[in-house]
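Subject: Structure for you to look at

Hello,

Here is the structure I said I would pass on. My notes on it follow below.

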Amino acid sequence: MKRISLICLFAVAVTVASHARTLVVAVDTALPDLKAAVAEAADGDTIKVKKGYYYSYNTLITKRLTIIGDGYPVLDANYKEEVVTILTNGVTFSGFVLKNSKTGSMRDYAGIRLHKVHNVTISNNRLINNFFGIYLSDCDHVSVIGNTTSGTGTELTAGNGIHAWQCHDVIIMNNYSTRHRDGIYFEFVKKSRIISNTSERNFRYGLHFMFSDDDLYQKNTFRNNGSGVAVMYSKRIRMFDNLFIENWGSSIYGLLLKDITRSQIVGNRFVRNTTGIYMEGCNLMTANNNTFINNGWAMRILANCENGTFERNNFESNSFDVTTNGLLNLNKFDQNYWDKYEGYDLNKDGTGDVPYRPVSLYAQIMEQIPQSVMLMRSFMVNLLDKVERAIPSLTPESVKDINPKMKPWTR
Amino acid sequence: MFKIAKYIILDIIRSKVLIAYTLLLATICTVIFLSDSDVIKGLVSITTIVMIIVPLVSIIYATTYYFNAAEFTELLVSQPIKRRDILLGEYLGISSSILGAFVLGVCLPVALFALSATGITLMVAGGLVTLSFTSLAFWASTKTRDKSKGIGLALMIWFYAAIIYDALVLLFLFTFSDYPLEKAMIVLTALNPVDLARIMILLKLDISALMGYTGALYRQFFGSGTGIAFSVSMLFIWSVLPVLLALKIFSKKDL
């Protein structure tokens, strides 16, 4: 019985395959635009769109099609509608330029919208001047690969580059997002992966998680955004090998963590950010093997963070290594390299013999009187920090690294 | 004026004190750069030293030289030379020799090991600090009558500017922390050449941290070139104003 059903299935597959056609869309032919081609096509067909300029006012893809642009044809919504909406499973959509979606505050108009679908691949498209770039709602097993999206560039009418809402098992890979509100935005997205993307000059965040659990983002670059990455109200997020660079300005952070638990920050590089990592209300965090170079504040950890582990990180040339607004006794720092460490290593095992206290007295003064930033690196401030090191009892017992490394970890 | 400056420079070179100062600076800088692989860290250490040693040597050396050359000055005054030219000539001679020592002792190693925007800022800031403290030395020397008082006043000025001032500012900040102090802080910094120089270097070294401040005035000050322009112009005023005051005193002074 099983064999028969398998044969039947094979037969069906062969029939479908033998009936699959390729429709070619070109200007001034029987199929002058994508809409006509979709109406003509059947499930399993391929639509090839020749190079040219087409208007597309929310073309609905309601059949299981492979749609390929040949030489980047342009689909323009002329600020009237969305460009393309995909409503069927198993669609592949690749190689288009999608332009000028409508903007508005009532609806989220997008370049490519996917709604309640799975097994869809969106690849190698260029999205220009759309309100939202690629919008996934209620989807799973969707791949978004190799697209570039450039938003409207004005703060009031900027949507997100790649927006995912209530999805799971999504892969976002090798995309580039700029001039949007958030480069990539995840809300209620589970078990998804964000790999090797670049997000720069977005108004709000390079990557933004809200209520999204069990996600991984790896090897991404976040440059010069409102803030690099914001992870909020989420659990078990893995953040590996990313680069956070030049996220500058007041209340701008490389990585902003708010109310998240059991997440891992491993192997990332934070370079020239105003604040490398900002943590608020984070529990059971692990931050290992990261490198912090030339940041204003490498880490700002508020006192409501508990049970964090910070090991084997390199802190080099930061103005402040760690600051806090209270005590950090519930967090553990171990085996980090601090370039400000002035201890000694008598037994030559590579670990300093006296503990290092990353929260300096001056950092605590700054906490109370921000204006004293003007005194940074003055003789008086150096003297204060020296006194504090000589007589640690001057400041309340705060966090310390018991095994500070003498040399930076090589990566 | 230039002839006087020339004789003074020649005399200073012969005395070897300034050569020792040059060697001291050069040794410190080279050792710092050689002992630490991180150039930025080296620059930070040199900044700390420059902000202490350079003002001290500039002001003490200039004051001492002024008093030691008192007889020479008296001789010049008896000649048909304007007093203005005499004092300016002396200022030119002394300040250019100390500046030369700074250039050889600090700028050269920095240019060799750490030629960057931060390095250049350090050179400019250090040079301007040298000029301002030499200028202050002339004010202190003309203001006082004998050598010990002059050196005492010079030492006081150095101690005040390099060390006590920041402590007072910190105290001020603690006392008035409930008030908006942004403007006050910028004005307070302008009142001390060491602070001005430090902030110039800070704007290069710690700009990431400085950008973190919310106040509009600070943001304007730290961002763009406003802060640098402000510090440089204020330091220029510090190098010119005391000498002008000294000129005024000197022109009426009963030698």
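Setting aside residues up to four places away in sequence, Ser196(A) touches Met173(A), Asn174(A), Lys219(A) and Asn220(A). Please keep in mind that this is a predicted model. Ser196(A) sits in the loop that links strand S20 (193-195) and strand S21 (198-200) of chain A. Ile145(A) is 51 residues away from Ser196(A) in sequence, while their C-alpha atoms are 10.0 Å apart in space.

**Chain A as a whole**

Chain A contains 4 helices and 39 strands. Along the principal axes, its C-alpha atoms fill a box of roughly 85 × 55 × 30 Å. The chain has 411 residues, and 44% of them count as buried. Among the contacts in chain A with a separation of 6 or more, 46% are between residues 24 or more positions apart.

UniProt, in an unreviewed entry, lists residues 95-150 and 158-343 of chain A under "domain: Periplasmic copper-binding protein NosD beta helix". In the model, residues 95-150 of chain A are 0% helix and 48% strand, with end C-alpha atoms 16 Å apart. Residues 158-343 of chain A are 0% helix and 47% strand, and here the end C-alpha atoms lie 51 Å apart.

**The sheet of 12 strands**

Chain A has an open sheet of 12 strands with parallel pairing, in the order S4-S7-S10-S13-S16-S19-S22-S25-S28-S31-S34-S37. Strand S4 (59-61) and strand S37 (320-323) of chain A are the edge strands, each pairing on one side only. On average, and with direction ignored, neighbouring strands of this sheet are turned by 10 degrees against each other.

Some of the pairings can be followed residue by residue. Strand S19 (residues 184-187) and strand S22 (residues 205-210) of chain A pair in the parallel sense over 4 bridges. In this pair, Ile184(A) stands opposite Leu207(A) in S22(A).

Further along the order, strand S34 (residues 297-301) of chain A is mostly covered, with 5 of its 5 residues buried. Strand S31 (residues 275-280) of chain A runs parallel to S34(A) and is joined to it by 4 bridges. Met279(A) has Ile301(A) in S34(A) as its bridge partner. S34(A) also runs parallel to S37(A), with 3 bridges between them. There, Met299(A) stands opposite Val322(A) in S37(A).

**The contact between the chains, and the core**

How many residues does each chain bring to the contact? Chain A brings 30 residues and chain B brings 33 residues. On the side of chain A that touches chain B, helix H4 (residues 379-390) of chain A gives the most, with 3 residues. That side of chain A divides into 11 nonpolar, 16 polar and 3 charged residues.

The largest nonpolar core has 171 residues, and Ile112(A) and Ala197(B) touch the most other members. Apart from its neighbours within four places in sequence, Ala197(B) is in contact with Met51(B), Ala125(B), Leu128(B), Val129(B) and Leu235(B).

Regards

Key: Residues are numbered from 1 along each chain as its sequence is written. Chains are lettered from A and ligands numbered from 1 in the order in which they are written. This is a predicted model: local features need pLDDT of at least 70, side-chain atom pairs count only at pLDDT 80 or more; totals for chains, interfaces and linings use all residues. Helices (H or I, at least four residues) and strands (E, at least two) are DSSP runs, numbered from the N terminus. Two residues are in contact if their C-beta atoms, placed from the backbone, lie within 7 Å. Ala, Val, Leu, Ile, Met, Phe, Trp, Tyr, Cys and Pro count as nonpolar, Asp, Glu, Lys and Arg as charged, and the others, Gly among them, as polar. Two strands pair if DSSP finds at least two bridges between them. Axes are lines fitted to C-alpha atoms, for helices over the stretch in contact, and angles run from 0 to 180 degrees between N-to-C directions. A nonpolar core is a set of buried Ala, Val, Leu, Ile, Met, Phe, Trp, Tyr and Cys residues joined through C-beta atoms within 7 Å. A residue is buried if 20 or more other C-beta atoms lie within 10 Å of its own, exposed if 12 or fewer, and partly exposed in between; C-beta atoms are placed from the backbone. UniProt positions are given in the numbering used here, feature names are shortened, and annotations may be inferred rather than shown by experiment.
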